[in-house]
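Have the model open and follow along.

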Amino acid sequence: KNSSNKHLPIQANDADIYTTRALNLIDETQKTRRWGHGRNRSARAQQQRTVTNRFGPIAPLFFYPLLEGFMKSKDNVSIWGGANGSRLMSSFLVTLSTLAQSAGNHPGTNVLAADLFDLAWSFRDAEIAEVRVSVLVAFATSIAFLPLDFLLQKLYGADGDSFPGYLKKTAIGDSDRNCRELATAITKNVSTSLGGLGSDFVCRDQIITGGKWESHHPKRIDLYLLDD
C-alpha cells in the first residue's frame with residue numbers, strides 16, 4: 001500500500017484542460033444558438049446529411065447509472081470526502097458533461113442537460129477550486145442544450161442566489177482564474193443567445209433594489225454584462 005498517494009491532489013493542468021474545452025464549447029454555442037431563431041438551419045441540415053449521432057439515443061444508459069451511483073453514495077465520506085473526494089467529484093461532473101455534450105442534438109439531450117445543471121448547482125460553492133471549475137464546465141455544457149423555458153426559470157431569481165447573481169459573484173470575486181474566466185464567458189454566451197428573442201428581452205446591467213434582482217418588465221430578462 002502506497003500511503004504517499006492517500007491524498008493525491010487534483011492535477012492543476014486538469015482544470016486548465018476542462019476550462020479550455022468548456023470555452024471552446026461556449027464559443028461554438030455562441031456561433032450557432034440563438035433562442036427565438038433556432039440554430040442555423042442550413043448548417044444543421046448539412047450536418048444531418050453527413051453525420052449521424054449514434055450515441056444520443058443511448059446516452060441515458062451511461063448518464064443515469066452514474067448519477068444513481070452518486071445518489072446512493074453521496075453521504076459516504078470515505079468516497080467523497082477530502083482531497084480524493086474533491087478530485088472524484090470534479091472528474092464526475094466533467095464526465096457527465098462529456099456524456100451530455102456527446103449526445104448532441106438528440107431530442108433527449110435537453111433532459112440530460114437539465115439534470116446536469118441541477119446537480120452542478122448543488123456544488124457551486126464548493127471549497128475546492130477544481131470542483132468549482134467542473135461545476136462551471138457543467139453549466140457551460142448544459143446551457144448549450146437546455147430548453148428556453150428551463151433557462152428562463154433559472155434566470156428569474158427572486159434573490160441574490162439566482163443564476164445571474166452567482167455568475168456575477170464568480171466572475172468578479174472567485175479566487176480562481178479559470179472560474180472567473182468561465183463565469184464571464186457563460187454570462188456573455190447567455191446574453192448573446194437571448195438577444196435573438198426580440199425587443200421584449202433586453203440584456204443589460206442588473207438593477208439591484210433592496211438586495212433583490214429586479215425585473216421592470218414581465219417579459220424582460222436582465223443579465224449582467226461583464227466588462228472585458
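## Ground rules

A contact here means heavy atoms within 4.5 Å. With that in hand, residues 24 or more positions apart account for 70% of the contacts in the protein with a separation of 6 or more.

This is a predicted model, so local features need pLDDT of at least 70 and side-chain atom pairs count only at pLDDT 80 or more, while totals for chains, interfaces and linings use all residues. Residues are numbered from 1 along each chain as its sequence is written, and side-chain values use heavy atoms, with hydrogens and water left out.

## The overall layout

The protein has 10 helices and two strands. Helices (H or I, at least four residues) and strands (E, at least two) are DSSP runs, numbered from the N terminus. Along the sequence the order reads α-α-α-α-α-α-α-α-α-α-β-β.

As for burial, 41% of the 228 residues count as buried. Buried means under 20% relative accessible area, exposed means over 50%, and partly exposed is in between (1.4 Å probe, protein chains only).

## H6 against H7

Start with helix H6 (residues 109-121) and helix H7 (residues 129-143), which pack at an angle of about 155° with their axes 9 Å apart. That makes H6 roughly antiparallel to H7. For the geometry, axes are lines fitted to C-alpha atoms, for helices over the stretch in contact, and angles run from 0 to 180 degrees between N-to-C directions. Angles under 35 degrees count as roughly parallel, over 145 as roughly antiparallel, 65 to 115 as roughly perpendicular and the rest as oblique.

H6 passes H7 in a left-handed crossing; that is, the near helix is turned anticlockwise from the far one by less than a right angle, whereas clockwise would be right-handed. On the H6 side the contact uses Ala113, Leu116, Phe117, Ala120 and Trp121, and on the H7 side Val135, Ala138, Phe139, Thr141 and Ser142. Sorted by type, these residues come out as eight nonpolar, two polar and no charged. The classes are Ala, Val, Leu, Ile, Met, Phe, Trp, Tyr, Cys and Pro as nonpolar, Asp, Glu, Lys and Arg as charged, and the others, Gly among them, as polar.

What angle do H5 and H6 make when they cross? The axes of helix H5 (residues 82-103) and H6 cross at roughly 160° and come within 9 Å, so H5 and H6 are roughly antiparallel to each other. The crossing is left-handed. H5 brings Phe92, Leu93, Leu96, Ser97, Ala100 and Ala103 to the contact, and H6 brings Thr109, Leu112, Leu116, Leu119 and Ala120. That gives nine nonpolar residues, two polar and no charged.

Helix H3 (residues 59-73) packs on H6 at an angle of about 20°, with the axes 11 Å apart, so H3 and H6 are roughly parallel to each other. H3 also passes H6 in a left-handed crossing. Ala59, Pro60, Phe63, Tyr64, Leu67 and Phe70 of H3 meet Val111, Leu112, Asp115, Leu116 and Leu119 of H6. The tally for this contact is 10 nonpolar, no polar and one charged.

H7 is largely enclosed by the rest of the structure, because 14 of its 15 residues are buried. Its length checks out too: at 1.5 Å a residue, the 15 residues of H7 should span 21 Å, and its end C-alpha atoms are 21 Å apart, which agrees. The expected span is 1.5 Å times one less than the number of residues.

Thr95 of helix H5 is partly exposed at 34% relative accessible area, and its C-alpha is 9.3 Å from that of Ala138, 43 residues apart along the chain. In helix H10 (residues 177-194) there is Glu181, partly exposed at 35%, with 9.9 Å between its C-alpha and that of Leu136, 45 residues apart along the chain. Arg177, also in H10, is partly exposed at 47%; the C-alpha atoms of Arg177 and Val133 are separated by 9.5 Å and by 44 residues along the chain.

Leu151 and Phe117 are 34 residues apart in sequence and 9.9 Å apart in space, C-alpha to C-alpha.
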